[in-house]
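Here is a short tour of a protein model, written for someone who is new to reading structures. Keep the picture open while you read.

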Amino acid sequence: MSVTMRALLKSPWVFHLSTGSCNNCDIEVLDCLTPRFDIERFGMRLAASIRHADVLLVTGSCNRKSMVRVKRIFEEQVPKPCVVVAIGECSMSRGMFIHSYNCPRPLDSIIPVNVYIPGCPPKPEAIIGGVVKLIKKVKASL
Amino acid sequence: MTREEVLNGIRTRFAEGILDYYDKSAKRVYIEIEPGSLVAVAGHLFGELGARFHIASGVDTRFHLEVLYHFSVEALNLLISLRVKLDKHTPRVPSLAPLSKATAWIEREIHELLGIDFAGHPDLRRLLLSEEWPEGVYPLRRDYQEWDPKAIRDRGV
C-alpha cells in the first residue's frame, strides 16, 4: 500500500457536496460531525475546500444545473485518489424526483460512485457505517 | 378604512374590469379581473391602499392559464388575490414590473416555466432553467413532454 493510500484510509477528509437536496441529509451529515456521533474519532474530518478532500459525500438529486458542476468538481478539482459516497435516496435513484423535468439522470451515471447509503435521510450511524465499509472496500481492493 | 369599504371601493371603481368576485373567508378574497385592467387594480392596491405584494403564482388549469397576484392589506389582515385568466394559445398579460420591482423575478420565473408573456417587462430573461433547456418548452404546462433523449426514468431495479 502506498503512503498516499495509507494516509487517506487512516484519516479520510470528507467534503460535503449538496447537489440540490432538501437539506435533511445535510443535517444528518452535520450530526455526524457534532459531538454526539463525532466522526473525528475515526480520523474523518470535514474538509473546508474540495481541494483537500479524499471522500466526497454527495447528497441530493442532481439537477440540470448542478450536474455540470458535480462533473467538473469530480473531474477537475478534487485531488485523486478520491472516493464518492452517495448519501440518501435522492442521490441514489432521485427518490420522488425521478420524473422531475429538472432531474434527468441519477448521480452514478454522471460520476462513478463507490458506496451507496440509502435512507431518507439515512441515520448518522448509517453514514458512519457506510464510510467504514468504504474504507474496508478500498483496503480490500489494494 | 374597514374591510367592506376597501372591497366595495375596488368593486365600484373597477366595475367593468372585474369579471368575478369570490369572498372566500374573512381573511381571503379572490378577484378575477380582465388582463387589461390588471395594472390599474394592482396600482390601486399597491399605491393607494398600501398593500404589500407577496408573490404571484401561475397555474395551468384545464381551460386557461392563470396568474394570481397575491396582495395583503396588513391593517385589515386581509389577503386579496387578483386572478387573471389567459388564453392557452396566446398567454399574454401586462407586466407589473414597471409598477413594482418585487414582481420582476417571479414574472421571469412564470415566463420560463409556464410560457406566459409579460408585456412591458424590462428584462424577461430566464431565471432558473439551465442553458441547455430548449426554447418554447415549458415544464409546468399540462402538455409537457419529455424532450431529453438522454434522460433516465427508471430506477434500474
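Does Arg94(A) count as buried or exposed? Keep in mind that this is a predicted model. Arg94(A) has 23 C-beta neighbours inside 10 Å, and 20 or more are needed to be called buried, so Arg94(A) counts as buried. You'll find Arg94(A) in the loop of chain A between helix 4 (88–93) and strand 5. The backbone is worth a look there too: phi of Arg94(A) is near 80°, a positive value in a residue other than glycine.

Asn77(B) isn't a glycine either, and its phi is positive, at about 55°. Asn77(B) sits in the loop between strand 4 (65–73) and strand 5 (78–86) of chain B. Because it has 10 C-beta neighbours inside 10 Å, and the limit for exposed is 12 or fewer, Asn77(B) counts as exposed.

| Cis peptide bond | Omega |
|---|---|
| Lys80(A) to Pro81(A) | about 5° |
| Cys120(A) to Pro121(A) | near -5° |

Where do these prolines sit? Pro81(A) is in the loop between helix 3 (64–77) and strand 4 (83–87) of chain A. Pro121(A) is in the loop between strand 5 (115–117) and helix 5 (124–141) of chain A.

**Helix 3 of chain A**

How far apart are the end C-alpha atoms of helix 3 of chain A? They are 20 Å apart. That agrees with what you'd expect, because 14 residues at 1.5 Å a residue should span 20 Å. Which residues of this helix are buried? They are Arg64(A), Ser66(A), Met67(A), Val70(A) and Ile73(A). Here's a handy bit of background: an α-helix has 3.6 residues a turn, so residues three or four places apart point the same way. What covers the buried residues of helix 3 of chain A includes strand 1 (13–18) of chain A.

**Over to chain B**

Chain B has three helices and seven strands. Along the sequence, they come in the pattern α-β-β-α-β-β-β-β-α-β. The C-alpha atoms of chain B fill a box of roughly 60 × 35 × 25 Å, taken along the principal axes. Of the 157 residues in chain B, 23% count as buried. Take the contacts in chain B between residues at least 6 apart in sequence: 50% of them join residues at least 24 apart.

Now for the sheet. Five strands of chain B make an open sheet in the order 1-2-5-4-3, with mixed pairing. Strand 1 (18–25) and strand 3 (52–60) of chain B stand at the edges with a single partner strand each, so one side of each has no neighbour in the sheet. From one strand to the next, the twist averages 20°.

Strand 1 of chain B pairs with strand 2 (residues 28–33) of chain B in the antiparallel sense, over six bridges. To spot one bridge, find Asp23(B): its partner in strand 2 of chain B is Val29(B).

Which helices go with these strands? Helix 2 (residues 38–48) of chain B lies across strand 2, strand 3, strand 4 and strand 5 of chain B, and runs at about 170° to strand 5 of chain B. Helix 3 (residues 104–114) of chain B packs on the sheet as well, touching strand 3 and strand 4 of chain B. The direction of helix 3 of chain B makes about 5° with that of strand 3 of chain B.

Definitions and conventions. Residues are numbered from 1 along each chain as its sequence is written. Chains are lettered from A and ligands numbered from 1 in the order in which they are written. This is a predicted model: local features need pLDDT of at least 70, side-chain atom pairs count only at pLDDT 80 or more; totals for chains, interfaces and linings use all residues. Helices (H or I, at least four residues) and strands (E, at least two) are DSSP runs, numbered from the N terminus. Two strands pair if DSSP finds at least two bridges between them. Axes are lines fitted to C-alpha atoms, for helices over the stretch in contact, and angles run from 0 to 180 degrees between N-to-C directions. Two residues are in contact if their C-beta atoms, placed from the backbone, lie within 7 Å. The expected span of a helix is 1.5 Å times one less than its number of residues.
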